[in-house]
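Please work through the following exercises with the sequence and the structure at hand. Each task is followed by a solution in steps.

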Amino acid sequence: MVQLYNLHPFGSQRVVPCRQEPARFCCGRDVLFVAGTAASCRVEVFALREQGRCDALGSFATLGPVLRMAHSQAGDYLVTIEEKSKATFLRAYMNWRCMSAGSSRVCVRMVGHKMEESYSETLKEQMSVVEMPLSDPPLCVSCCPVNGDLLVGCKNKLVMFCLKYLVINQNLTVLDFERSLILHIDNVIPTEVAFCARHIAVTTELDVLILKLELVQQSTDVTECAHRVSTLEKPVDGGVKDEGPSTRTLQLELDEFVVCQKPVELLGEESKLCEIPITLESTDLPTEDTKCFQVRYLLFRRFTPDQSPFGFCEETKLHSVQLLPVYQTGSSVTAHEETENKRELMSLFCFFSLPHVGYVYSVGKLVELISTYQYSEKSEQAVLTPQFLHVITSENLQCFTVRCSAAAARDEDPYIDTTIKACPPIALDVCALRMQLFIGPRAICHFKNHIILLTKADMEDITERRKPTRRMLSRKDDCIKSRANSESEPGWNLYIINTVSTIQLYREMVDYSRTYENVKTESCIHLLSEAHLLVRAAIMDPHFLNSDEKEELLRVFRESCAALGDCYSRFDTEDYHLALPYYRMSGLSMAEVLKRLVSEGDEIQTYERGFLFYLTHCLNEDVNEELSKESANKVLQIFYLADPAQLPHILCSPCMRNVCPLRAVKYLQKVEKIMPSVVLTLTKAFMALKTGDLAMYEHEMDSYKEILCSNSEHAIPQLLVDFWEALLVVCSQEETLQELLLRLTSQYVWRISKQQFPETKPLRTTEDLINSCNHFGLIFPWVTSVMSVESPSDKSYHEDISKLQSLLCSQSINIASALPVLEPLTEAGNVGLTIHVLCNTRLGKYEEAIDQLLKRCPDAVVLYAQHELKDDNRAVWWNKLLPELLKRARLAGNDCPVLISSLKETLSVVAVELELSDFLSLLPEDGTAAFFLPHLLHCSQRKLLT
């Protein structure tokens, strides 16, 4: 569905001062090329200046009327398809800028013609026309914006020319082409082609085919490689070759009917089923640098003619096929072509259109339909940009939003659609920003913030135009002067229409969204999402780093994130969770968000889910922000009113250190009357400690004594365990710290040994504790290796096991004091093994640890040594580990490949550490030479190098 708004993306317009009626035109870099109608056979060149000013640079003659034309940014050349004497010619105009300097010299040469050094000075000052002869008439043409290569569509084939930079001497480099590849496509007459980064889009009247040329590994024989790739996609002949009389008779009968095939859409690998065989023919001269290609089908779509009660609509034809590249954010670009070639392509999109509907597909990492555009009337032509889709109809210039930046952002940043970052969804309905009236739009092209529009009115339209009408554009109309000379009488005009700046249109969209704030929530979010994508697309533009608006755009981007965060916080929407990532992207602190959303004073407000979700996450995560006393008290009031069950957890957050303890106790007492709980009482005891009220602390700790010990002697409620874990984060006294660590260790050991589940889900996982508390350490790789072969019973208590191992992997707990507590896990399988090895390691008993691992889990012994045997303990490698592995490997023979593998890795380490004589003395005299020789050679070569 297309939403319709009445915004103003178009600014001022100016008339291009053409001397002849335009037939074709295109833009390139900072210029506009206009080819005249059949009578003129000339191309006028205009410089595009700021504010849409247009200055004539000059003109040059063509061989005949221009049927198609395109400009390539890479190489800065213009390519045309021209007609003369009922024959068509493909020509490329190089060095055309010298025409603006007043030079009238032109050099016409054939493609591949060898340049002579003696002509170097002449070539500098003249335009070169490169003629490219083809065996079949050229029908359409496209230039690759990435590298300047050229693709030409002919009947049943596509011809690719590679752009070459020929160095004549140190002062002169000349451009030329080399025909490198022909794609033979049976029974296809292309009407339009698009070419970008070896991606090809080709359309017929009702079919679209998108391909990618992929490099394949080059064969040793270049001619074999070319042959192999060229036959790779040949179809299997499953039909009958000879046509009998019955076949010809049937064909004559069918000619009297309109035969329509079913509509088809094939994406990705399925598009191979389109039954359009492609054969590649390499035309490069065989060299070592010859590239070999194969074709990968990306998309095939077939449409049927529009049907009506009166029959089929013959005007149903595809038009405006286009490949739009989006580059990596931060890929800087200047006018210099070498710099442009360094831009990193990130995403690629393909647009094509029928008269009443247009389609945008992503054809990069994933092939999928991004957007569908329903037009209000029959379209003539369209052009896709990273920010807009511009469509012309018989009476309108229409501007639609696009989703390219939303899809590209997800290709670029894996953190989008997480709690860290967000972006409006690709599936968000597109909207029409403006439908601007024009008389007789015929053709359109786009360059930066300019739209070039050709209009041509019929005679009755001209008569009607002379009557008073509404103004065409709402901005800067006073500076627009219609031409009064005779040339304007035929009714054609070529306009340059400036689109307004991104920031200006963003401001208008934000202002417009405020009209929906209290009426239509979804419309408000929709408009703010469109504004956000508009700014995001501007930041992705390769010229962004050199833009004068860089800092302002970044500021506006953060502002748009904050506005979306406000929406998802204030409104009751299904996507309320998006408040968190948008606020994070805005750079606002928690205190600043509170100031935006919470009224001052004690006024009671209603707080929606998005705001509470944001606050809960920020308070529960390790956020390095300490709220002021006022802000912390406000947060306390918010949760008391909106979610009182969360109060105990909120008060344990490091962000709430400055909260008023007396006010906290007051709120907790009110909540306790409604929903009493152990954790609430413990929080009251915690607040009593903060105020120094020991009597209250003792009272609260004793009040639920029977409940705490009701299960058994060692059964501790999970809420109390959560409380101890939370205290570890803020505990600083060593004596209290060790007491807490021993209590937690005891509880973990008891649960694991008794196979006892906690009665409620723990508030924090092992990962949460590792990230927020220094007393929980990262679990060592060798511990993970041992646990990878854990028994099924261990998996049921994985969280308690990993928390215990994490405690022992830190340097906080006193191992000597913990040994009696750990005793019940002596025979607890791999869990007990990791606990014993960790304890022995902390006590410096490395040899005992190695013996235990070799006996029960030799797979992990090398990982253990790599992690633990460093610096002063490195000698244990050759004093203990190597002799033990040699002894055990000798006894086991070939029956234990794990020992052999560990022995090889140990030898590799020892060979690096010891002198050759010392290393040799460790090896067994009766060992197999072939086994030990590589390590001896490595040891000797290393010493020679040093």
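The exercises below concern a predicted model and begin with its confidence.

**Exercise 1. Confidence**

Determine which elements of the protein chain have the lowest and the highest mean pLDDT, and where the pLDDT falls below 50.

Step 1. The protein chain has an average pLDDT of 83, and 84% of the residues score at least 70.

Step 2. Among the elements, helix α4 (residues 337-340) has the lowest mean, 41, whereas strand β17 (residues 199-203) has the highest, 97.

Step 3. The pLDDT is below 50 over residues 220-250, a stretch with 28 contacts in the model beyond near neighbours in sequence. It also stays under 50 over residues 468-489, where the model has 35 contacts beyond four places in sequence.

Step 4. Where pLDDT is low, the predicted coordinates should not be read in detail.

**Exercise 2. Strand pairing**

State how strand β9 is joined to strands β8 and β11.

Step 1. Strands β8 (residues 77-84) and β9 (residues 87-94) run antiparallel and are joined by 7 bridges. Thr 80 has Arg 91 of β9 as its bridge partner.

Step 2. The two strands form a hairpin with 2 residues between them, and Ser 85 in the turn has a positive phi of about 55°.

Step 3. β9 is also joined to strand β11 (residues 127-131) by 4 bridges, again antiparallel. Here Tyr 93 stands opposite Val 129 in β11.

**Exercise 3. A sheet and the helix across it**

Give the strand order of the open sheet of 4 strands, and identify the helix that lies across β24, β25, β26 and β27.

Step 1. The order is β24-β25-β26-β27, with antiparallel pairing. β24 (319-327) and β27 (367-374) are the edge strands, each pairing on one side only.

Step 2. On average, neighbouring strands of this sheet are turned by 20° against each other, direction ignored.

Step 3. Within the sheet, 5 bridges join β25 (residues 345-353) to β26 (residues 357-363), and Phe 352 stands opposite Tyr 359 in β26.

Step 4. The helix lying across these strands is α5 (residues 404-412), which runs at about 150° to β25.

**Exercise 4. Helix α20 and its surroundings**

Describe the span of helix α20, and find what covers its buried residues.

Step 1. α20 (residues 734-754) has 21 residues and reaches 30 Å from its first C-alpha to its last, close to the 30 Å expected.

Step 2. Its buried residues include Leu 737, Gln 738, Trp 750 and Arg 751. The cover over the buried residues includes α19 (718-730), α24 (798-809) and α25 (815-822).

Step 3. Gln 738 counts as buried because its relative accessibility is 15%, under the 20% cut-off. Leaving aside neighbours within four places in sequence, Gln 738 is in contact with Ser 812, Ile 813 and Asn 814.

Step 4. Just after the helix, Gln 755 takes a positive phi of about 55°.

How values were computed. Residues are numbered from 1 along each chain as its sequence is written. This is a predicted model: local features need pLDDT of at least 70, side-chain atom pairs count only at pLDDT 80 or more; totals for chains, interfaces and linings use all residues. Side-chain values use heavy atoms; hydrogens and water are left out. pLDDT is the predictor's confidence in each residue, from 0 to 100. Contact means heavy atoms within 4.5 Å. The expected span of a helix is 1.5 Å times one less than its number of residues. Buried means under 20% relative accessible area, exposed over 50%, partly exposed in between (1.4 Å probe, protein chains only). Two strands pair if DSSP finds at least two bridges between them. Axes are lines fitted to C-alpha atoms, for helices over the stretch in contact, and angles run from 0 to 180 degrees between N-to-C directions.
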